[in-house]
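Please read the following points with the structure open beside you. They are meant for someone who is seeing it for the first time.

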Amino acid sequence: MFNNNHLQPKNLLGSSYTNSNVLFHPTSSTKNSQSQIVYSAIHNLVNRTNLSTNSSQILPFQTQTQIKIIAVSPNGLIMVVIDMTGRAVVFNLKGSFIIA
């Protein structure tokens with residue numbers, strides 16, 4: 001028989017491969033281990049997926065047009081998102097607020 005559990009990750013990143021990049025970023029979840037976070041664009045929204053806990057959330061901001069570029073600082077605190085028209089959003093990932 002066919003096992004349905006093998007079908008679940010099919011749309012893990014949604015439509016993120018259309019015009020934007022997918023960003024893998026390690027983050028310290030506990031003192032001894034790291035979890036892998038995947039940031040992907042879904043049209044004008046950013047989806048954050050934690051691969052260790054198998055959880056996903058849409059970040060609380062959106063751009064005016066479809067997202068073209070996602071970048072995260074090396075320490076994982078700041079995200080810069082640029083849309084198709086060149087407008088940028090600077091977002092604080094730890095505090096979940098827009099900086100600029």
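1. Two strands are said to pair if DSSP finds at least two bridges between them. With that in mind, and remembering that this is a predicted model, one can see that strand 6 and strand 7 (residues 88-92) run antiparallel and are joined by five bridges, with Val80 standing opposite Val90 in strand 7.

2. Strand 6 also pairs with strand 5 (residues 67-72), again in the antiparallel sense and over five bridges, and here Val80 of strand 6 is the bridge partner of Ala71.

3. The two hairpins may be read together: the hairpin of strand 5 and strand 6 has five residues between the strands, and Gly76 takes a positive phi near 80° there, while the hairpin of strand 6 and strand 7 has four residues between the strands, with Gly86 at a positive phi near 95°.

4. In a regular strand, side chains alternate between the two faces of the sheet. Strand 6 (residues 78-83) has Met79, Val81 and Asp83 on a covered face, and Ile78, Val80 and Ile82 on an uncovered one.

5. How many aromatic pairs does a search of the whole structure find? The search finds one, formed by Phe61 and Phe91, whose ring centres are 4.7 Å apart and whose planes lie at 40°, so the pair is tilted. The pair links distant parts of the chain, since Phe61 lies in the loop between strand 4 (55-58) and strand 5, whereas Phe91 lies in strand 7, 30 residues apart.

6. Buried means under 20% relative accessible area, and therefore Phe61, at 6%, is buried, as is Phe91, at 1%.

Definitions and conventions. Residues are numbered from 1 along each chain as its sequence is written. This is a predicted model: local features need pLDDT of at least 70, side-chain atom pairs count only at pLDDT 80 or more; totals for chains, interfaces and linings use all residues. Side-chain values use heavy atoms; hydrogens and water are left out. Buried means under 20% relative accessible area, exposed over 50%, partly exposed in between (1.4 Å probe, protein chains only). Rings of Phe, Tyr and Trp (its six-membered ring) pair if their centres lie within 6.5 Å; planes under 30 degrees apart count as stacked, over 60 as edge-to-face and the rest as tilted.
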